[in-house]
Every structure is written in structure tokens, then in C-alpha cells.
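This report goes through selected residues, a ligand site and some salt bridges. Please keep the sequence and the 3D view open while reading.

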Amino acid sequence: MSGLQAHGVVRSYGPTPALRGVSLDVAEGEIVAVTGPSGCGKSTLLHCLAGILRPDVGEVHWRGERIDTWPEAARSRLRRTEFGVLFQFGQLVPELTAAENVALPLLLAGTGRRGAGRAAREWLDRLGVAHLADVRPGAMSGGQQQRCATARALVTGPRVLFADEPTGALDTLGGEEVLTRLVHLAREQGTTIVLVTHEPRIAAYADREVMLRDGVVDPTGLGLDEPLVPVAGPGAVAR
Amino acid sequence: MSTSHVLLGLLAAGSQHGYELKRAHDTRLPRAKPLAFGQVYATLGRLQRDGLVVSAGQEREAGPDRTAYTLTDQGRAALTGWLAAVEPPMPYVTSALFTKVAVALLVADLNAARSYLVAQARAHTERLRELTAVKTAPASSLADVVAVDYVIAHLDADLRWLRTTLARVADWHREVHP
Ligand SMILES: Nc1ncnc2c1ncn2[C@@H]1O[C@H](COP(=O)(O)OP(=O)(O)O)[C@@H](O)[C@H]1O
Ligand SMILES: [Mg+2]
């Protein structure tokens, strides 16, 4: 089995249930938006899928292997290689320049300084911020920082990128530019994206939307309290 | 949308034939409803009658598509005036969406109104995704992006309204049928 799956994932924080049985199947190369109101469990699901958190109950599979039972060291290696993560606030290292920040994951993975530096500049260029290579995060706008963080998340060539409200801290135009480039590059490289967002406009960048509600997948996709009774009419079946 | 003002704008740079105007219109306003030739000639005829354009270099034998049109001073003034005039910001609530829910509550039951809202929200979401894909497609021009962004912003606003209304429609139904 290829791709990424969650099977009946349950996760609580102490007495607070965050996920109450979530199943999800993400094909490789697919861009899936996880949406829903604040507190519905989006971030918890993303953390479980990315191997950052372990479910209390249920399983997470990647390319046919069950990964949620792997020891932390193995999951952490996965996040440095086949998985990448991008958060709302890019979390760049403030003491390092953009190029040094982007080169960091490659250096940690054992790439030589020269190669890492070259790749970092290439990725900054792809995100349209080559001119900021020698600038530190403190001197950049939020949108510029997030483009650098995106370059850093993609530089290792992850097969899956987990993005949690990646545009949440940006103005509309800044957010659009980050996402347009991110999705464009992902399609080019066949990267799978799990995109957490509460904005329909951002979710529209995905191929498909999965809505959570109170820790479960909302089958109506619209946050309806009660399922609709089908109405007789053109195209509807009267019964 | 004012086709006549767009044609005046396209003529501001110099005389053009009707078929050139149609092509320029479709290029400059991507994803607008393409202009029909008949509409171009009808509009040019009206503009000529009102003295806003004149036909130049007419070759009688060759038919209307061989005629070039030029902006007059009066036409240029009309164009400038139109460009500077602020459009009335939605003076009336004229949305087909709003009207349909209101009528549904009058003539049908609550469930019909909710079903419509859900179906409309799904259709809007679908269209939103379709247009967003234009923005990440490598071949898209900035004109394409600016054009679809206009529709995206409106679909997004509609979607918010559809979801809020879905949450309120039961109360609204009680107000209509106390
Ligand atoms: N570290 C935590 N400790 C305690 N409760 C938490 C923690 N993180 C999340 N929660 C709770 O779990 C639920 C789901 O949270 P989260 O997954 O962050 O939702 P979302 O990302 O959709 O806003 C919420 O009720 C939230 O308050
Ligand atoms: Mg969250």
C-alpha cells in the first residue's frame, strides 16, 4: 500500500479528547486540506500523521509500514528525510541567514557544506527570495520569512509536506504568494501535502478537503448539525 | 459591465477595426465572457450615432469589418468621466442566492432552503478550487491571476454567507412562519 493513512486515530491531552476516531487516506502526490473550526483537532491530526505525536488508539501507515509504533529516533529520522513540516510561524533560527537556515536540514542529514549552500540558494530562488540569502529573519517581512521556511521545508526533497496554517500569520497577498509557489513546486516534484487551514480560500488550493468537527471527520463537509433529508425535485429521487 | 466604455478604452491608443477590438477585448479582459462580433458592431454603431467615435478609412465595398474607428474628443471625455466615476457600492441586495433562500422559505419548507444552501455551497467550493488551480498553473499570466482573484474573493465571501445562513436558516424560517 502506498501513500499515507490514518486508521481510527484517537488522541487526548489528559482528559481533553482532541481526536475521537479519525481515518484518512492520502494518495502520493495528492494535496489534501484538513479544515474545520478552531479546536476541532486539525493540528493534533497533522502531528499524529507526521509522527510527532503518537495516537492513543489507532494506527498511522506510510508506504505500507505502520510508523506510529516506531521509536522516537526512527520517527525523527523520517521527519528529516521523507517528511517535512512547515508551521504557522516559520520558526527560522534568528541568528542564521536565510541561506544558512535553509542549508541546516541538509547539514544535519550529512550533506557537505558546499552542496548544502548551493541547494539552499537554489531553493530560495525557487521561492522567489534569492535576494534574501544573506539576510537574517529579523530583517524580513512575515511573508519573506515564510517563503524561506518553505524553502527549508522542501530542500531535503520530502515526499510529504505537513503544513499547519502556513499562511495564518500573513496578510492576504503574502499568504497567496507563499501558497501559490508551494503548490506549484509540490505539483512539479510530485510532493504530497497535508495542509491544515480554517480558511476555505486556502483549502481551495488542495485537490480535496477533509473537514473535522469535534475530533471526527464531518461527513457533510459543512458543519451541519443534522444530516439533510433528501428533497424531491429534478434529479432527486422521491420516496 | 459596460462594453461601450471598454471599446472606448481600447480605441484610446489609436484607430482599430471591429475585429481587432474584439480580439483586444478578449486578451485584455481574460476570463470575461468573450465578446460576440455582432455585439461589437452594434456597440460601435451606437457610439458613432452618439458622436463618441467616427469611422475612418471606410471602404464601402468591403463591409463593416473593413471599417476602422477612431475616438472623438467627446468620446475621450466620456471615457475619462467613466474611469473616474466611483461605482455605487452595492446599493441594493440583488444576490440570486439571497433571493432564492428567501423565496424557498416562503413557498417551500425549511429543508428545501437548507438543501439549496448546501448544494450551492458545494458548487461554490468546486468553482473556488477550479479557479484557484489557475493561479498555480505555470502558463497563467498575471492578467489571468488578477481576473480569477476577483471571482475568488467573491466566491469566498458568498461561501461565508452561505455557511452563516445555513446556521441561521431555521430561525429565519420561524420569523417567516411565526
Ligand atoms: N498541548 C495541549 N494540551 C492540552 N490540550 C490541548 C493541547 N493541544 C490541543 N489541545 C486541545 O485539543 C483540542 C484539539 O486541538 P487542536 O488539534 O490544536 O485543534 P485545531 O488545530 O483544530 O485548532 C482542543 O480542544 C485543544 O484545546
Ligand atoms: Mg491548530
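Leaving aside neighbours within four places in sequence, Thr197(A) is in contact with Val34(A), Thr35(A), Gly36(A), Lys42(A), Glu165(A), Ile202(A) and Ala203(A). The model shown here is a predicted one. Thr197(A) sits in the loop that joins β8 (192–196) to α7 of chain A. Is Thr197(A) buried or exposed? Its relative accessibility is 1%, so Thr197(A) counts as buried, because buried means under 20% relative accessible area. The side chain of Thr197(A) also has a polar atom that lies 3.0 Å from the backbone nitrogen of Glu199(A).

Val129(A) belongs to the loop between α4 (113–126) and α5 (142–154) of chain A. With 1% relative accessibility, Val129(A) counts as buried. Not counting residues up to four places away in sequence, Val129(A) touches Leu124(A), Arg147(A) and Cys148(A). Val129(A) and Arg118(A) are 11 residues apart along the chain, and their C-alpha atoms are separated by 14 Å.

His184(A) is a residue of helix α6 of chain A. At 26% relative accessibility, His184(A) counts as partly exposed. Which residues does His184(A) touch, not counting those up to four places away in sequence? They are Thr136(B) and Pro138(B), both written with the letter of chain B. Gly138(A) is 46 residues from His184(A) in sequence, and the distance in space is 27 Å, C-alpha to C-alpha.

The residues around ligand 1 are Tyr13(A), Thr16(A), Ala18(A), Pro37(A), Ser38(A), Gly39(A), Cys40(A), Gly41(A), Lys42(A), Ser43(A) and Thr44(A). One of these, Lys42(A), is also among the contacts of Thr197(A).

Which elements supply at least two residues each to the shell around ligand 1? They are β2 (16–26) and α1 (42–49) of chain A. The most comes from α1(A), which gives three residues.

For Cys40(A), a polar backbone atom is 3.3 Å from an oxygen atom of the ligand. For Gly41(A), a backbone N or O atom lies 3.1 Å from an oxygen atom of the ligand.

## Salt bridges

How many salt bridges are there over all chains? The count comes to 22.

| Residue | Partner | N to O distance |
|---|---|---|
| Lys135(B) | Glu176(A) | 2.1 Å |
| Asp207(A) | Arg187(A) | 3.0 Å |
| Arg174(B) | Asp171(B) | 2.5 Å |

The side chains of Lys135(B) and Glu176(A) meet in a salt bridge. This pair crosses between chains, from helix α6 (residues 110–136) of chain B, which holds Lys135(B), to helix α6 (residues 172–189) of chain A, which holds Glu176(A). Both Lys135(B) and Glu176(A) are buried.

Asp207(A) forms a salt bridge with Arg187(A). Asp207(A) lies in the loop between α7 (200–203) and β9 (208–213) of chain A, while Arg187(A) lies in helix α6 of chain A, so the pair ties together parts that are 20 residues apart in sequence. Asp207(A) counts as partly exposed, at 35% relative accessibility. Arg187(A) is partly exposed too, with a relative accessible area of 42%.

Arg174(B) is paired with Asp171(B) in a salt bridge. Why are these two about one helical turn apart? Arg174(B) and Asp171(B) are separated by about one helical turn because they are three residues apart in helix α7 (residues 142–176) of chain B. Arg174(B) is exposed, with a relative accessible area of 52%, whereas Asp171(B), at 48% relative accessibility, counts as partly exposed.

Salt bridges that share partners also join Glu176(A), Arg201(A), Lys135(B), Asp149(B), Asp156(B) and Arg160(B) into one network.

Methods: Residues are numbered from 1 along each chain as its sequence is written. Chains are lettered from A and ligands numbered from 1 in the order in which they are written. This is a predicted model: local features need pLDDT of at least 70, side-chain atom pairs count only at pLDDT 80 or more; totals for chains, interfaces and linings use all residues. Side-chain values use heavy atoms; hydrogens and water are left out. A salt bridge is a side-chain nitrogen of Lys or Arg within 4 Å of a carboxyl oxygen of Asp or Glu. Helices (H or I, at least four residues) and strands (E, at least two) are DSSP runs, numbered from the N terminus. Buried means under 20% relative accessible area, exposed over 50%, partly exposed in between (1.4 Å probe, protein chains only). A polar contact is a pair of N or O atoms within 3.5 Å; within protein, one must be able to donate a hydrogen and the other to accept it, and residues adjacent in sequence count only if both atoms are side-chain atoms. Contact means heavy atoms within 4.5 Å. A residue is near a molecule or strand if one of its heavy atoms lies within 4 Å of it.
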